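Me: I am new to this structure. Please walk me through it in short questions and answers.

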Amino acid sequence: MDSLKTQQVTFKVFRFNEETDYLPYYNTYTLDVTHEEVVLDILNRIKWDHDGSLSYRRSCRHGICGVCAIKTNGKAVLACKTRLFDLIDIFGNEITIEPLSTKRAIKDLIIDKKDFWDKHAQAKPYLEADIDEHPAQENLVSPHDAEKLLEADYCIQCGACHYSCPSLEINEQYMGPAAFAAAYRFSADVRDDASIERLHIVNEEAQGVWDCVKCMECAEVCPKEVNPIEKITKLHNMIFEAAVAKNNVATRHAVGFAHSIEKHGLLDEGELVRYSEGNIGVLKHVPVALKMFAKGKIVLPWNMPKSDKLDEIKKLVKSSSTVKF
Amino acid sequence: MEKLKYALFTGCTAKESTPEQMMSTLAVANKLGIELVELTEASCCGASHLQDYDDFLSLVLNARNIAYAEKHGLTMVTICNTCQLNTAMTKHRLDNNAELKAKVNAKLAEVGLEYKGTSQITHFLYAIIDDFGLDKIKEMVVKPLSQFNIAPFYGCHNIRPSELQNATHKSPENAYNPTSLDDLIIACGGANVDYAEKNKCCGFHAELQSPRTAAVLTGNAVAGAMDANADWMVTPCPLCHLKLDTQTHHASVAIGREVSLPVLHMQQMVGLALGCTPAELGLSHHVTKVDFI
């Protein structure tokens, strides 16, 4: 019977107690796991049968409370939702279990999630509206308007995307994909009055959407298929549509593509950098540009290649553009 | 085997900052007997930034590029991960949304084109692996790269989101443990190096607006490969290549450690193993000197 099939797996489990340990260490357990077992079952077996001091968060066991998110071989997962056999398919029979963020570990797999909640709160994850306390009728949202939220509503604040985001790992001001998904969720709601205020928050350099590195990891890792980067793109679009966009390197970098495509079909790489950075800002790129020029990597403006049938492209850029900057 | 034939979407860098990528693509296709019909009408894909400004315009332009591949009745092959993502994502969205497809086609009709959804879109890496076959590559290797430890650097936009991997490739690979480039290194006779950053981000897309983030990511990638004793790195993405090849000074400053390794395009690695000359592969166009040939 398939369900009785077992596989032997070696688990390396991250251990750390901030009150007593200077450095973290790993305990190793070799266990037979079955077809039905999820990572949480393994953590329970280790705690109940081997070492009662192992600490981890667990609650609903149904993939909805979000507290059991951890990393297995670097992949953030909900422990209660992730079958061992699926992990074995990806990684083989050695599984390393770590907290979502090792540098934020308090005790074993439990982390201090303060930065996550602070940034979530920064996105104003609630409706702001003047509500009639004694309405004569229900305040209805049409299915069409409800669809605009996309899947942003499914977020369970587990932190899987937040602690997998490479931009956030380097730039501590960056709000991160979960906060942006929440900002989109409420700004896209027809009942909300704080959309512009939220767009200003996510439009700020360093903390806002412009620092997204486009790695797609948030879309890949989300256990609820929220697809945060899609919401980040939507926020970018809303920033331009609502004319909240500032004239800075980040916005000009996005707009510059449209200019270049209209002119050449292809992207004029040098001109994009000049347009984005401005005539003074571009100077900091000169040392690398000279090295590239020496190796034949810079096309001079008068040699800029153009797409064939450029008239078609020009026509489409004119007729299909939906925003102005 | 019937001769493989694709519509080649070069993207912009192949025409500008990575000429060696274009040279090595053509040299390898020639060695493998793959026919590439260049889509000279194609525009820039928007490089994952145009859609932040104007999503609909980005869709229309990418649909136009695909429409030209469809006119040839060929699968489109890309040689840049970001071109692959933007083009395949456009196809995925249009093929799954009749209303959006109709809106885009209304625009394309203005220039006498139609997006039908009949062409597949694949990166040259996967064309080699899925369609040509690693076994055949192995048989054709004349200069095995056996003395080298080679670090694969996959590039985000080929492996994520897996939704597109699953829709696009015959044998989709897992974003958390990709194997295609490792397999190709082994087929070329090299030793593949395993390191944590191989499927991570190079930082390219934030280079202007967030230079420190971008530089740290580049530095981490090269440092990871160096610490795993790689002699050089290989990538299927020209944007990753630009970061890893030309930005090592900024990367070194950002992470406080001197990092630098030669980085080859995937096509250059295959070309070397198949006996192409360094000149055919444009190895002199690298900023970080390719000093092992």
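Me: How much area is buried between chain A and chain B?
Reply: This is a predicted model. Carbon and sulfur atoms give 61% of the area buried between chain A and chain B. The total buried area is about 5700 Å².

Me: How many residues of chain B are in contact with chain A?
Reply: Chain A puts 62 residues into the contact.

Me: How many salt bridges are counted between chain A and chain B, and which residue of chain B meets Lys214(A) in one?
Reply: The count between chain A and chain B is four salt bridges. In one of them the side chain of Lys214(A) takes part, at 2.4 Å from N to O. A salt bridge needs these atoms within 4 Å, so this pair qualifies. The partner is Asp52(B).

Me: How many residue pairs are in polar contact between chain A and chain B, and which element gives the most to the side of chain A that touches chain B?
Reply: There are 29 residue pairs in polar contact between the chains, both residues being at pLDDT 80 or more. Elements of chain A that give two or more residues to the side touching chain B include helix H2 (84-91), helix H9 (228-241), helix H10 (249-264) and helix H13 (310-320). With eight residues, the one that gives the most is H10(A).

Me: How many nonpolar residues are on the side of chain A that touches chain B?
Reply: Sort that side of chain A by class. It has 16 charged and 15 polar residues. The nonpolar residues number 31.

Me: Where in chain A is the residue that Arg160(B) meets in a salt bridge?
Reply: Over all chains, the structure holds 34 salt bridges. In one of them, the side chains of Arg160(B) and Glu217(A) meet at 3.6 Å, N to O. The pair crosses between chains, with Arg160(B) in the loop between helix H8 (156-159) and helix H9 (162-168) of chain B. Its partner Glu217(A) is in helix H8 of chain A.

Me: Which residue does a cis peptide bond join to Arg160(B)?
Reply: The omega of this bond is about -5°.

Me: Which strands stand at the edges of the five-strand sheet in chain A?
Reply: The sheet is open, with mixed pairing and the order S2-S1-S5-S3-S4. The twist averages 35° from one strand to the next. Each edge strand has a single partner strand, so one side of each is left without a neighbour in the sheet. The edge strands are S2 (25-34) and S4 (75-78) of chain A.

Me: In which sense do S1(A) and S5(A) pair?
Reply: Start with S1(A) and S2(A), which pair antiparallel over ten bridges. There, Val9(A) stands opposite Leu31(A) in S2(A). S1(A) also has four bridges to S5(A), where the partner of Val13(A) is Ile97(A). The sense of the S1(A) and S5(A) pairing is parallel.

Me: Which residue of S4(A) is the bridge partner of Ala69(A)?
Reply: Strand S3 (69-72) of chain A is joined to S4(A) by four bridges. The two strands run antiparallel. The bridge partner of Ala69(A) is Leu78(A).

Me: What angle does the direction of H2(A) make with that of S1(A)?
Reply: Helix H1 (39-50) of chain A lies across S1, S2, S3 and S5 of that chain, at about 110° to S2(A). H2(A) packs on the sheet too, touching S1, S2, S3, S4 and S5 of chain A. Its angle with S1(A) is about 85°.

Me: Which strands stand at the edges of the four-strand sheet in chain B?
Reply: This open sheet has parallel pairing and the order S6-S5-S7-S8. S5 (149-152) and S6 of chain B pair over two bridges, and Asn149(B) stands opposite Ala191(B). An edge strand has a single partner strand, so one side is left without a neighbour in the sheet. The edge strands are S6 (191-192) and S8 (263-265) of chain B.

Me: Where is Lys124(A) found?
Reply: Lys124(A) has a positive phi of about 50°, although it is not a glycine. Lys124(A) is in the loop between helix H3 (114-122) and helix H4 (143-147) of chain A.

Conventions. Residues are numbered from 1 along each chain as its sequence is written. Chains are lettered from A and ligands numbered from 1 in the order in which they are written. This is a predicted model: local features need pLDDT of at least 70, side-chain atom pairs count only at pLDDT 80 or more; totals for chains, interfaces and linings use all residues. Side-chain values use heavy atoms; hydrogens and water are left out. Contact means heavy atoms within 4.5 Å. Buried area is the accessible area (1.4 Å probe) that two parts lose on being put together, summed over both. A polar contact is a pair of N or O atoms within 3.5 Å; within protein, one must be able to donate a hydrogen and the other to accept it, and residues adjacent in sequence count only if both atoms are side-chain atoms. Ala, Val, Leu, Ile, Met, Phe, Trp, Tyr, Cys and Pro count as nonpolar, Asp, Glu, Lys and Arg as charged, and the others, Gly among them, as polar. Two strands pair if DSSP finds at least two bridges between them. Axes are lines fitted to C-alpha atoms, for helices over the stretch in contact, and angles run from 0 to 180 degrees between N-to-C directions.
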